[in-house]
Amino acid sequence: MKATLLHQYHTIAPEEVTLWFKAAPVSKFPKNGGACIKYKDQQIAVFNFAKENIWYACQNLCPHKMEMVLSRGMIGDENLEPKVACPLHKNTFSLKTGAHLNGNLNAIATYPVRIIEGFVHIGFTE
């Protein structure tokens, strides 16, 4: 069952977006931290890198232990690569590409984010 959860998530490139989901007001997301939103059956982690004025979104599901926890992970950067560390076992993933940065786990899905009139929008293809 849990393995099938991973198949729900697919990276969306900005040019592939066909639907911008209005997730929540910017004020609902912690500065320099993350929060989780729900889109259909998916949990999406949204991160506000306030110090860089950049937003990122990825699947909330950590592929290591198959738990919905990435939105609670610590964010930072490594060699100018924005990353999130899973709060369970500190696996780190690129928020740009989804790549696992400290091992050989599968990449996580990432999604485009834009801010329009004070609301966070996440890009999807359906």
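Student: How many helices and strands does the secondary structure of the protein come to?

Tutor: In this predicted model, the protein has 1 helix and 12 strands. Read from the N terminus, the order is α-β-β-β-β-β-β-β-β-β-β-β-β. The radius of gyration is 13 Å, close to the 14 Å that the globule rule gives for 126 residues, so the protein is as compact as a globular protein of that length. The C-alpha trace spans about 40 × 30 × 25 Å along its principal axes.

Student: What share of the contacts with a separation of 6 or more comes from residues 24 or more positions apart?

Tutor: Such residues account for 50% of those contacts. As for burial, 44% of the 126 residues count as buried. The protein exposes about 6,900 Å², with 52% of it supplied by carbon and sulfur atoms.

Student: What describes a pair of aromatic rings?

Tutor: The distance of the centres and the angle of the planes describe such a pair. The structure holds 6 aromatic pairs. One of them joins Phe 49 and Tyr 56, edge-to-face, at 5.3 Å centre to centre and 80° between the planes. Phe 49 is buried, at 3% relative accessible area, and Tyr 56 is buried at 11%.

Student: Which kind of pair do Tyr 111 and Phe 124 form?

Tutor: Theirs is a tilted pair, 5.3 Å centre to centre with 50° between the planes. The pair links distant parts of the chain, with Tyr 111 in strand E10 (residues 110-111) and Phe 124 in strand E12 (residues 119-124), 13 residues apart. Tyr 111 is buried at 7% relative accessible area; Phe 124 is buried at 3%.

Student: Which residues do ring pairs link into a cluster?

Tutor: The cluster consists of Phe 21, Tyr 39, Tyr 111 and Phe 124.

Notes
Residues are numbered from 1 along each chain as its sequence is written. This is a predicted model: local features need pLDDT of at least 70, side-chain atom pairs count only at pLDDT 80 or more; totals for chains, interfaces and linings use all residues. Side-chain values use heavy atoms; hydrogens and water are left out. Helices (H or I, at least four residues) and strands (E, at least two) are DSSP runs, numbered from the N terminus. The radius of gyration is taken over C-alpha atoms; the globule rule is 2.2 Å times the number of residues to the power 0.38. Buried means under 20% relative accessible area, exposed over 50%, partly exposed in between (1.4 Å probe, protein chains only). Contact means heavy atoms within 4.5 Å. Accessible areas come from the Shrake-Rupley method with a 1.4 Å probe; for residues, only the protein chains shown count as cover. Rings of Phe, Tyr and Trp (its six-membered ring) pair if their centres lie within 6.5 Å; planes under 30 degrees apart count as stacked, over 60 as edge-to-face and the rest as tilted.
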